[in-house]
Amino acid sequence: MRAWTPRQWVAAVVVSFVAGVAIGVPTGVVPTPFYTRMTPVLWWNYPVWGVSSLLMGLLTATYVNGPPVAGGDGPRGRRALLAGALSAFAVGCPICNKLVVLALGVSGALSYWAPAQPVLAVVSLTLLAHALVRRLRTAAACPAPTATSRRGSAELRESAYYDERSLVPEASHSGGEGSDRASAG
């Protein structure tokens with residue numbers, strides 16, 4: 001993260017703020033006139049809300065400013081999205097979630113869902129932290145080329161390391177069927 005550009009830091013701050021609003025307002029962690037939470041906000045809801053918003057911002061910043069890192073999209077991207085949704089379920093009001101109330105009823109939501117929320121919070125934060133660490137390690141192992149390191153094809157041909165044979169597929173060097181060595185021998 002030390003080598004991040006200002007654009008990546010701005011993206012991290014903006015996405016952290018947007019994620020904080022997107023999680024905090026609908027769950028009632030941030031009191032607004034749009035939504036009234038039916039159960040009080042617990043003490044651990046605030047740190048989970050803040051840390052998950054921060055991790056989402058940092059994770060999003062790894063996608064900014066450069067070509068995509070190998071393995072960055074696909075299943076890991078979906079897991080990070082799932083982790084963000086888990087954060088909202090973890091800090092949300094247990095009886096305000098219509099799906100939970102429909103499945104378990106109000107007493108079931110308070111008896112079963114509310115005790116499961118801290119577990120969801122830990123799983124969510126673990127998934128987000130894991131996704132961020134994997135993205136940062138991948139970016140460090142395979143850094144994106146900079147503008148000064150890109151060379152034109154003419155410059156590559158003139159360099160001492162250019163070997164035209166390296167552009168030929170490996171099978172044609174092996175002396176197998178169809179190669180010049182097989183027909184000459």
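Author: Helices here are DSSP runs of H or I with at least four residues, and strands are DSSP runs of E with at least two; both are numbered from the N terminus. The model is predicted, so local features need pLDDT of at least 70 and side-chain atom pairs count only at pLDDT 80 or more, while totals for chains, interfaces and linings use all residues. Residues are numbered from 1 along each chain as its sequence is written, and side-chain values use heavy atoms, with hydrogens and water left out.

Reader: How do the elements of the protein run from the N terminus on?

Author: Start with the count. The secondary structure comes to seven helices and zero strands. Read from the N terminus on, the elements run α-α-α-α-α-α-α.

Reader: What percentage of the residues in the protein is buried?

Author: Buried means under 20% relative accessible area, exposed means over 50%, and partly exposed lies in between (1.4 Å probe, protein chains only). The protein has 185 residues, and the buried share of them is 30%.

Reader: What percentage of the contacts with a separation of 6 or more joins residues 24 or more positions apart?

Author: Take the contacts in the protein with a separation of 6 or more. Residues 24 or more positions apart account for 70%.

Reader: How are the planes of W4 and W9 set, stacked or tilted?

Author: Rings of Phe, Tyr and Trp (its six-membered ring) pair if their centres lie within 6.5 Å; planes under 30 degrees apart count as stacked, over 60 as edge-to-face and the rest as tilted. The whole structure holds two aromatic pairs. W4 and W9 form one, with 4.9 Å from centre to centre. Their planes are 55 degrees apart, and the pair is tilted.

Reader: Is W4 buried or exposed?

Author: Compare the two partners. W9 is partly exposed, with a relative accessible area of 37%. W4 has 13% relative accessibility, so W4 counts as buried.

Reader: What kind of pair do the rings of F89 and W113 form?

Author: The ring centres of F89 and W113 are 6.4 Å apart. Their planes stand at 90 degrees, so the pair is edge-to-face.

Reader: How many residues apart are F89 and W113?

Author: F89 is in helix α3, and W113 is in helix α4. The pair links distant parts of the chain, with a separation of 24 residues.

Reader: Over the ring of which residue does the charged end of R135 sit?

Author: A charge sits over a ring if NZ of Lys or CZ of Arg is within 6 Å of the ring centre and within 35 degrees of the ring normal. The charged end of R135 is 3.8 Å from the centre of its ring, which belongs to Y63.

Reader: Why is the disulfide of C93 and C96 called right-handed, and what is its torsion?

Author: A disulfide is a pair of cysteine sulfur atoms within 2.5 Å. By this rule the count comes to one, and that disulfide joins C93 to C96 with S to S 2.5 Å. C93 is buried at 4% relative accessible area, and C96 is buried at 16%. The disulfide is right-handed because the torsion about its S-S bond is about 60 degrees.

Reader: Which residues is Q117 in contact with, leaving aside neighbours within four places in sequence?

Author: Q117 is found in helix α4. At 3% relative accessibility, Q117 counts as buried. Beyond its neighbours within four places, Q117 is in contact with W44, F89, A90, G92 and P94.

Terms used. Contact means heavy atoms within 4.5 Å.
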